[in-house]
Amino acid sequence: MRDMLISDTCVILDFCVINQLALLRRLDLRIVIPEDLLVDELSDWEKSIRSLGFALDSLSGNEMQKFFLPLMSQYQNSGLSYYDVLVLTLAKVRRTTLLTGDLRLRKAAVEQQVSLKGTIFLLEQLVIQKVLSVEASLALLEKMQKAGSRLPWSLAREMVLKAAKNNKA
């Protein structure tokens with residue numbers, strides 16, 4: 001079975017703004033986007049996301065009461081948004097990895113013992129799974145930088161090169 005990852009807005013936007021969202025569907029990963037997030041925060045790309053067949057998920061009423069509301073209360077003064085707590089709750093309840101680049105959300109995920117990955121992981125996977133060459137993955141990284149994505153650029157480049165090297169071994 002494919003690994004499931006719950007994504008927040010920033011990781012999806014890193015690929016949307018360079019018109020490369022379709023690449024993520026070629027990975028042997030099941031990237032899930034919360035329905036509320038799609039409709040409210042990714043509305044400009046909703047049609048593309050739906051047509052590409054990304055999995056959507058939402059919390060049940062019971063899960064909202066039992067898990068989301070306590071986390072929302074816990075993080076009410078932390079700077080996390082409703083949607084941040086929503087993706088954190090989904091990842092925790094579904095016992096899966098959270099895809100995010102948001103530092104506050106990453107800190108909360110560590111506190112909640114939720115596994116974390118981000119855009120750099122996806123760029124690595126594009127190389128490891130032979131969806132893209134290392135050169136093409138580095139070109140994507142450059143496009144993301146020009147588009148204003150906020151990544152640790154030298155680390156991202158290093159990790160993509162390392163993934164390529166390890167993949168050849």
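Modeller: Happy to! Arg95 counts as exposed, since its relative accessibility is 79%; the word exposed means over 50% relative accessible area, buried means under 20%, and partly exposed lies in between, using a 1.4 Å probe and protein chains only. This is a predicted model, in which local features need pLDDT of at least 70 and side-chain atom pairs count only at pLDDT 80 or more, while totals for chains, interfaces and linings use all residues. Residues are numbered from 1 along each chain as its sequence is written, and side-chain values use heavy atoms, leaving out hydrogens and water.

Back to Arg95: this residue is not a glycine, yet its phi is positive, about 50°. You will find Arg95 in the loop between helix H6 and strand S4 (97-99). Those labels come from DSSP runs, numbered from the N terminus: helices are H or I runs of at least four residues, and strands are E runs of at least two.

Now look at the helix before that loop. H6 (residues 82-93) and H5 (residues 61-74) have axes that come within 9 Å and cross at roughly 125°. That angle makes H5 oblique to H6. Under 35 degrees counts as roughly parallel, over 145 as roughly antiparallel, 65 to 115 as roughly perpendicular, and the rest as oblique. An axis here is a line fitted to C-alpha atoms, for helices over the stretch in contact, and angles run from 0 to 180 degrees between N-to-C directions. On the H5 side, the contact is made by Glu63, Met64, Phe67, Phe68, Leu71 and Met72, and on the H6 side by Tyr82, Val85, Leu86, Leu88, Thr89, Lys92 and Val93; contact means heavy atoms within 4.5 Å. Sorted by class, the residues where H5 meets H6 are 10 nonpolar, one polar and two charged. Here Ala, Val, Leu, Ile, Met, Phe, Trp, Tyr, Cys and Pro count as nonpolar, Asp, Glu, Lys and Arg as charged, and the others, Gly among them, as polar.

Nine of its 10 residues are buried, so H8 is largely enclosed by the rest of the structure. The buried ones in H8 are Thr119, Ile120, Phe121, Leu122, Leu123, Glu124, Gln125, Leu126 and Val127. What packs against this helix? The axes of H8 and H10 (residues 153-168) come within 9 Å and cross at roughly 25°. H8 is therefore roughly parallel to H10. H8 brings Ile120, Leu123, Glu124, Val127 and Ile128 to the contact, and H10 brings Ala156, Met159, Val160, Ala163, Ala164 and Asn167. By class, the contact of H8 with H10 holds nine nonpolar, one polar and one charged residues.

After H8 comes Lys130, with a positive phi near 60°. Lys130 is not a glycine, and this lysine sits in the loop between H8 and H9 (134-147). With a relative accessible area of 63%, Lys130 is exposed.

One last stop: the cysteines. A search of the whole structure finds zero disulfides, a disulfide being a pair of cysteine sulfur atoms within 2.5 Å. For Cys10, the nearest cysteine sulfur is that of Cys16, 12 Å away. Cys10 counts as partly exposed, at 25% relative accessibility, and Cys16 is buried, at 3%.
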